[in-house]
Amino acid sequence: MSRVMVVAGKEVRQLIKSRNVMLSAFIFVVVFGIFTGPAVLSGTGGPKEVMDTLGFYLVLTLGVFMGYLFTAQVFLREKQAGVIETLLCAPLSLRELWLGKVLGVTIPGAVLTYFSAILIMIAGSMFTGYTLIPTLPVLFHIIVVVPAFIAAASGLMGFAQFILGMRENQILNFVIIFGIIFLISFTREVIGPAFSVTWAVVGAAFGLALLILLVTAWLTRFLSRERIVTTLPE
């Protein structure tokens with residue numbers, strides 16, 4: 001586990017040094033966080049119900065998008081630069097390398113997502129005139145389930161980036177990330193505004209994230225150093 005954390009720490013430091021990427025992510029969460037205030041007033045139901053809906057759907061969507069943005073830097077960047085060949089020589093299994101990179105994406109992704117959730121609560125409170133705090137199931141969803149989905153999405157995309165070539169990666173990652181976001185939006189539209197976030201709903205979402213993560217972790221057994229090297233750009 002210590003070797004996994006070493007990889008994760010390296011990836012977090014590299015992401016922090018990528019100023020353009022971090023600035024883009026920061027602007028993204030700030031814009032979405034601030035402009036959700038009017039949604040609290042205009043949404044169907046009371047402000048607290050709308051706040052729960054935003055905390056469940058919007059924060060989850062932002063978190064998954066952070067995973068997409070950072071995964072491109074953590075996995076794809078090293079293949080483009082050829083740095084991955086050096087890492088493959090390290091005394092790490094491919095699963096440990098994959099897991100370390102997933103943690104390296106999840107940590108900053110979760111921090112920025114928490115920040116966006118705080119901004120949503122502040123913006124909603126300012127527009128309504130009284131303090132709006134999500135219910136306990138939604139708070140658990142934001143604190144625990146959303147990072148799990150970031151890890152699940154980044155793990156699946158990272159696995160694809162390991163095993164596929166550069167062109168296939170760009171297509172598949174686009175399909176994965178926007179497929180997940182579309183599924184979130186479609187589910188919201190189907191359920192409708194009367195939907196309430198309960199512990200059962202949060203538990204089901206958490207179970208889905210863990211299932212995706214565990215299945216992808218199992219799939220890493222089919223990775224090979226030779227396969228990764230042959231997918232590097234010439």
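Glutamate 11 is buried, and lysine 101 is buried too. Keep in mind that this is a predicted model. The side chains of these two residues, glutamate 11 and lysine 101, form a salt bridge, 2.7 Å from N to O. Glutamate 11 sits in helix 1 and lysine 101 in helix 6, so this contact ties together parts 90 residues apart in sequence.

How buried is glutamate 11? Its relative accessible area is 0%.

Now the neighbour in sequence. Lysine 10 also meets glutamate 11 in a salt bridge, at 2.9 Å, N to O. Lysine 10 is partly exposed, with a relative accessible area of 22%. Buried means under 20%, so lysine 10 at 22% does not count as buried.

How many salt bridges does the structure hold? Three. One of them pairs arginine 3 with glutamate 96, side chain to side chain, 2.9 Å from N to O. This pair links distant parts of the chain. Arginine 3 is in helix 1, residues 2-17, and glutamate 96 is in helix 6, residues 94-128. They are 93 residues apart.

Buried or exposed, what is glutamate 96? Buried, at 17% relative accessibility. The cut-off is under 20%, so 17% qualifies. Arginine 3 is partly exposed, with a relative accessible area of 42%.

To recap. Arginine 3 in helix 1 pairs with glutamate 96 in helix 6. Glutamate 11 in helix 1 pairs with lysine 101 in helix 6.

Technical notes: Residues numbered from 1 in each chain as written. Predicted model: local features only at pLDDT ≥ 70, side-chain atom pairs only at ≥ 80, totals over all residues. Heavy atoms only, no water. Salt bridge = Lys/Arg side-chain N within 4 Å of Asp/Glu carboxyl O. Helix = DSSP H or I, 4+ residues; strand = E, 2+ residues; numbered from the N terminus. Buried < 20%, exposed > 50% of the residue type's maximum accessible area, 1.4 Å probe, protein only.
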